[in-house]
Amino acid sequence: MDLLNNDNLKKKKSSGFNILSNDSTDGHGGYGAGTMNLDNVSPVFVDPTEGEAFVDMGALHARSAVEKRIKFLPDKEKVPNGKLYWLCWVTIGHKAGKPYYAGVAGCEMTVDIEIRRGYKSLPEHVNKMDKSLKGKILVDDMDDKSKKILADFLKSHNEEMWNNSEQELHEALEG
């Protein structure tokens, strides 16, 4: 094996974080065991300024349309004119064979396109995605207008899943 061959170097770099589409805990205990399965989570952006919500799967890798070409800073005060977005991690679960919105967690994000800077707390985003995957409802930080936009979006996306969801979600988003 030629260690200086560029082809070999490219092959070695591919052992990064994997997102598996099958259940990695099927008992084999080998490579991929314990890896997060993101098949049932969707990133939903809530834009309270425009009064809309939309799904952008690029957010799973911080590559959404909102995030592209923006340098994110951990200090909110350095983006004083940023436009507010809520990135909501929505997890779909199944109970009694029926799909429902199992976990919903909203994370604040501001973006100033003019200066190409934004604010978000990466640890908060990761932790809230994890909480959503575990079926938690965390939307207390969101303003009422944004909660309503998200509730309307979830209902219009799939009313049956909304109706199958826990009362806790309905109360958290609709008051």
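Is D130 buried, partly exposed or exposed? D130 is partly exposed, with a relative accessible area of 26%. On this scale, buried means under 20% relative accessible area, exposed means over 50%, and partly exposed is in between (1.4 Å probe, protein chains only).

The model is predicted: local features need pLDDT of at least 70, side-chain atom pairs count only at pLDDT 80 or more, and totals for chains, interfaces and linings use all residues. Residues are numbered from 1 along each chain as its sequence is written, and side-chain values use heavy atoms, with hydrogens and water left out.

## The chain as a whole

The protein chain has five helices and seven strands. Read from the N terminus, the order of these elements is α-β-β-β-β-β-β-α-β-α-α-α. Helices (H or I, at least four residues) and strands (E, at least two) are DSSP runs, numbered from the N terminus.

Of the 175 residues in the protein chain, 38% are buried. The accessible surface comes to about 10,700 Å², and carbon and sulfur atoms hold 49% of that surface. Accessible areas come from the Shrake-Rupley method with a 1.4 Å probe; for residues, only the protein chains shown count as cover.

Contact means heavy atoms within 4.5 Å. Among the contacts with a separation of 6 or more, 58% are between residues 24 or more positions apart.

## Salt bridges

A salt bridge is a side-chain nitrogen of Lys or Arg within 4 Å of a carboxyl oxygen of Asp or Glu. By this rule the count comes to ten salt bridges. The table gives three of them.

| Salt bridge | N to O distance |
|---|---|
| E67 and K120 | 2.6 Å |
| E108 and K76 | 2.8 Å |
| K134 and D130 | 3.1 Å |

E67 and K120 form a salt bridge. The pair links distant parts of the chain, 53 residues apart: E67 is in the loop between strand 2 and strand 3, and K120 is in the loop between strand 6 (117–119) and helix 2 (122–133). E67 is buried, with a relative accessible area of 4%. K120 is also buried, with a relative accessible area of 12%.

E108 and K76 meet through their side chains in a salt bridge. E108 lies in strand 5 (residues 98–112) and K76 in the loop between strand 3 and strand 4 (83–95), so the pair ties together parts that are 32 residues apart in sequence. E108 counts as buried at 18% relative accessibility, while K76 counts as partly exposed at 36%.

K134 counts as exposed, at 58% relative accessibility, whereas D130 is partly exposed. Elsewhere, salt bridges that share partners join D47, E50 and K83 into one network.

What does E108 touch, leaving aside its neighbours within four places in sequence? E108 is in contact with K76, L84, Y85, W86, Y119, K120, E124 and H125. E108 and L84 are 24 residues apart in sequence, and their C-alpha atoms are 7.3 Å apart in space.

D143 is placed in the loop between strand 7 (137–138) and helix 3 (144–157). D143 counts as partly exposed, at 28% relative accessibility. Not counting residues up to four places away in sequence, D143 touches L84 and W86. The C-alpha atoms of D143 and L173 are separated by 9.8 Å, and these two residues are 30 residues apart along the chain.

## Positive charge and positive phi

R63, K68, R69, K71, R116 and R117 gather in a patch of positive charge on the surface. Patches are made of residues with over 30% relative accessible area and no salt bridge; like charges are joined within 9 Å, and nonpolar side chains (Val, Leu, Ile, Met, Phe, Trp, Tyr) within 5 Å. Lys and Arg count as positive and Asp and Glu as negative; His and the chain ends are not counted. The place of a charge is taken as NZ of Lys, CZ of Arg, CG of Asp or CD of Glu.

K68, one of the residues in this patch, is in the loop between strand 2 (52–55) and strand 3 (71–73). At 44% relative accessibility, K68 counts as partly exposed.

R116, also in the patch, is found in the loop between strand 5 and strand 6. R116 is partly exposed, with a relative accessible area of 49%. Phi of R116 is near 55°, a positive value in a residue other than glycine.

A62 has a phi near 55°, again a positive value in a residue other than glycine. A62 lies in the loop between strand 2 and strand 3 and counts as partly exposed at 32% relative accessibility.
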